[in-house]
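Let us walk through this fold together, one element at a time. Have the sequence and the coordinates open side by side as you read.

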Amino acid sequence: MSTANTKALAKQGPLVLVVDDDPSILRVVEMLLARNGYTVRTAASGELALKTLSSMVPAVLITDVQMPGMSGYDLCSVVKSDARLQNVPVIFLTAQGSPQDYKAGHDLGAVVYMTKPFKPEKLLHAVQLVAPSGA
């Protein structure tokens with residue numbers, strides 16, 4: 001195990017939950033955030049995210065909008081209506097990029113609405129603004 005991995009295991013950073021039905025997006029975001037001091041959990045659907053959220057409160061929630069079953073908008077709405085989770089910053093990371101989509105995301109309480117394809121450094125910067133890692 002490398003020294004960096006040992007340090008990452010010794011000191012866990014802020015917890016980020018990433019929700020997307022695309023496994024490659026989950027992998028890219030997880031690696032990006034883990035390399036920068038975050039502890040990352042992933043969920044492939046809104047329903048799985050809610051199960052995960054039942055036992056933890058993340059520092060940040062990053063979610064896609066368009067997913068089978070529960071949409072990211074629905075997930076955000078549930079999170080914002082839950083007293084235990086309502087203060088969790090939500091970042092939408094999605095292919096939906098119309099002005100109406102941006103408005104819908106912000107109306108639901110998202111702090112950032114970012115479209116795919118995305119620049120990893122911009123996503124990292126957005127996460128760092130709402131939950132500094134200390135890394």
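**A helix across the sheet**

Helix α4 (residues 72–80) lies across β1, β3, β4 (90–94) and β5, and its direction makes about 175 degrees with that of β4. Helices (H or I, at least four residues) and strands (E, at least two) are DSSP runs, numbered from the N terminus. Angles run from 0 to 180 degrees between N-to-C directions, with axes as lines fitted to C-alpha atoms, for helices over the stretch in contact. Helix α5 (residues 99–107) also packs on the sheet, where it touches β4 and β5, with its direction at about 150 degrees to that of β5.

Before going further, please note that this is a predicted model, in which local features need pLDDT of at least 70 and side-chain atom pairs count only at pLDDT 80 or more, while totals for chains, interfaces and linings use all residues. Residues are numbered from 1 along each chain as its sequence is written, and side-chain values use heavy atoms, leaving out hydrogens and water.

Now for the sheet itself. Its five strands form an open sheet in the order β2-β1-β3-β4-β5, with parallel pairing; two strands pair if DSSP finds at least two bridges between them. β2 (39–43) and β5 (112–115) stand at the edges with a single partner strand each, so one side of each has no neighbour in the sheet. From one strand to the next, the twist averages 20 degrees.

Follow β1 next. Five bridges join β1 to β2, and the two run parallel; L15 has T39 as its bridge partner in β2. Strand β1 (residues 15–19) is also joined to strand β3 (residues 60–63) by four bridges, again in parallel, and here V16 is partnered with V60 of β3. Together, β1, helix α2 (residues 23–35) and β2 make a right-handed β-α-β unit: with the strands pointing away from the viewer, the path from the first strand over the helix to the second runs clockwise.

Over in strand β4, look for F92. Is F92 buried or exposed? F92 is buried, with a relative accessible area of 0%, where buried means under 20%, exposed over 50% and partly exposed in between (1.4 Å probe, protein chains only). Leaving aside neighbours within four places in sequence, the contacts of F92 (heavy atoms within 4.5 Å) include T63, Y73, C76, G105 and V112. F92 and V112 are 20 residues apart in sequence, yet their C-alpha atoms are 6.3 Å apart in space.

Finally, move to the loop between β5 and α6 (120–130), where P117 lies. A cis peptide bond joins K116 to P117, with omega at about -5 degrees.
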